[in-house]
Amino acid sequence: MPYIAAIDQGTTSTRCMIFDHTGGIVASDQHEHAQIYPQPGWVEHRPEEIWERTQQVVRGALAHGGLKARDIAAVGITNQRETTVVWERATGRPITNAVVWQDTRTDQICHELARTGGQDRFRAQTGLPLATYFAGPKLVWILEHIPGARTAAAAGDLLFGTVDTFLTWWLTGGPQGGVHVTDVTNASRTMLMDLATLDWDADILAAMGIPAQMLPQIRSSSEVYGHAVGDLAGVPVAGILGDQQAALVGQTCYAPGEVKNTYGTGCFMLLNTGTQIVASQHGLITTLGYKLGTQPAVYALEGSIAIAGALVQWLRDNLGIIKSASEIETLANEVADNGGIYIVPAFSGLFAPYWRSDARGVIVGLTRYVTKAHLARAVLEATAYQTREVLDAMRADAGMAFSSLKVDGGMVFNQTLMQFQADILGVPVVRPTVAETTALGAAYAAGLAVGYWPSSAALRANWGVDQTWTPQLDATTRTRLYQGWKKAVTRTFDWE
């Protein structure tokens, strides 16, 4: 029986996972890559290292499964979104490090663009506020600050892409015929694509001074873009989805009103709004959910949280309070509550629902009573509180109550966090049997394109419940804790 491969290129690591018809994991391999912080607010990756890691994990997954390229029916790609790469068309050499989605160096560019039309200048076309999060301003920064970049781009010598585009180009041959494409979900995160036409917006390109010839072709999320060379030689590259949209597909949220939340480096909640473009009135962004082949595009509302699992990494790497991420739960459970403290991780400003680039992180409520165990507990709780803020915004925008929240990602194996998440939301939290739904969604997109699965409806049969956490906190305590969080958030404003 052939299998489907998925390359999951995330913020801190790259994985290759191989799935069977049931959505079960046959084999996988994973390796981290370096996080580069040249100065406060800047975050970079080496694109060459990401491509090296991608080849490494593909070889590793095939080896772990005892498989060859001929055993793979198709490969899908899912990726950290908004992270921006510019490379030479002739050689594939990046002209600078990738500017990561968390990076805030484009703050001044966004302010300059907002002088005409304000922060929502391009929101009607793109669904996005002017913010450092998105790829378009990052590309502007590269063109303005890397010597010779603007001239080379105008001459057609440079290519731009988010990570999916960079990997697809290399997978399909690189300088020797690699295809230069992206899908609608990733294109929707650049602030350069019109949500209605699903094409690059000429007026926005002109406003930002971006040459159209360096942009990839926008395609659906599920079709054959080309065929791989190298370790996957001959395998169709047939699915591309931004990581959060891939999780939406992997969680089989195919009906309007279905919602999922992914807990990774950041935290991202998506609500399927069907074929309707819904403008948010409560701090969310309007984005593409997915587009399967020739079917109509499906849209979503998204609540984006910049720092979730990254806060645990900060506790480990910057403060040295824990030696591994898994230790945080044990440490947090040494105390019954947060000891009155809140940690608001506005390391790169606040995303949804505030969109405050001037915010910076705070720890509030400190007394001599507080220990490192209270810090650990407050770190976990910060993710749950931020998720509550986003779910409240979704309830307001969608005009509906949610009976449960589907969750996935690395942090959903933390029992303490998931229980507190249910407690602070007041609704059950549900983890599926395959919690790595980001890679699964990319596999689904690729498999649908080559007929490995007959339809998206058939994929629902693969989804099953692994564990459910039900609220155990009384309403009075829930309200008091959440009010404390909201007060703490206000202390982050107007720092920069």
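Tutor: At 42% relative accessibility, Asp 466 counts as partly exposed (buried means under 20% relative accessible area, exposed over 50%, and partly exposed in between, with a 1.4 Å probe and protein chains only). The model is predicted, so local features need pLDDT of at least 70 and side-chain atom pairs count only at pLDDT 80 or more, while totals for chains, interfaces and linings use all residues. Residues are numbered from 1 along each chain as its sequence is written, and side-chain values use heavy atoms, leaving out hydrogens and water.

The side chain of Asp 466 meets that of Arg 431 in a salt bridge, 2.6 Å from N to O (a side-chain nitrogen of Lys or Arg within 4 Å of a carboxyl oxygen of Asp or Glu). This pair links distant parts of the chain, Arg 431 lying in strand β22 and Asp 466 in strand β23, 35 residues apart (strands, E, of at least two residues, and helices, H or I, of at least four, are DSSP runs numbered from the N terminus). Arg 431, for its part, is buried, with a relative accessible area of 6%.

The structure holds 24 salt bridges, and one of them joins Arg 81 to Glu 302, with the closest N and O atoms 2.7 Å apart. Here Arg 81 sits in the loop between β5 and β6, and Glu 302 in strand β18, 221 residues apart. Arg 81 is buried at 2% relative accessible area, and Glu 302 is buried at 0%. Glu 302 also forms a salt bridge with Arg 189, at 2.7 Å from N to O, which connects strand β18 to the loop between α7 and β10, 113 residues apart; Arg 189 is buried too. A network of salt bridges links Arg 81, Glu 82, Arg 189, Asp 243 and Glu 302.
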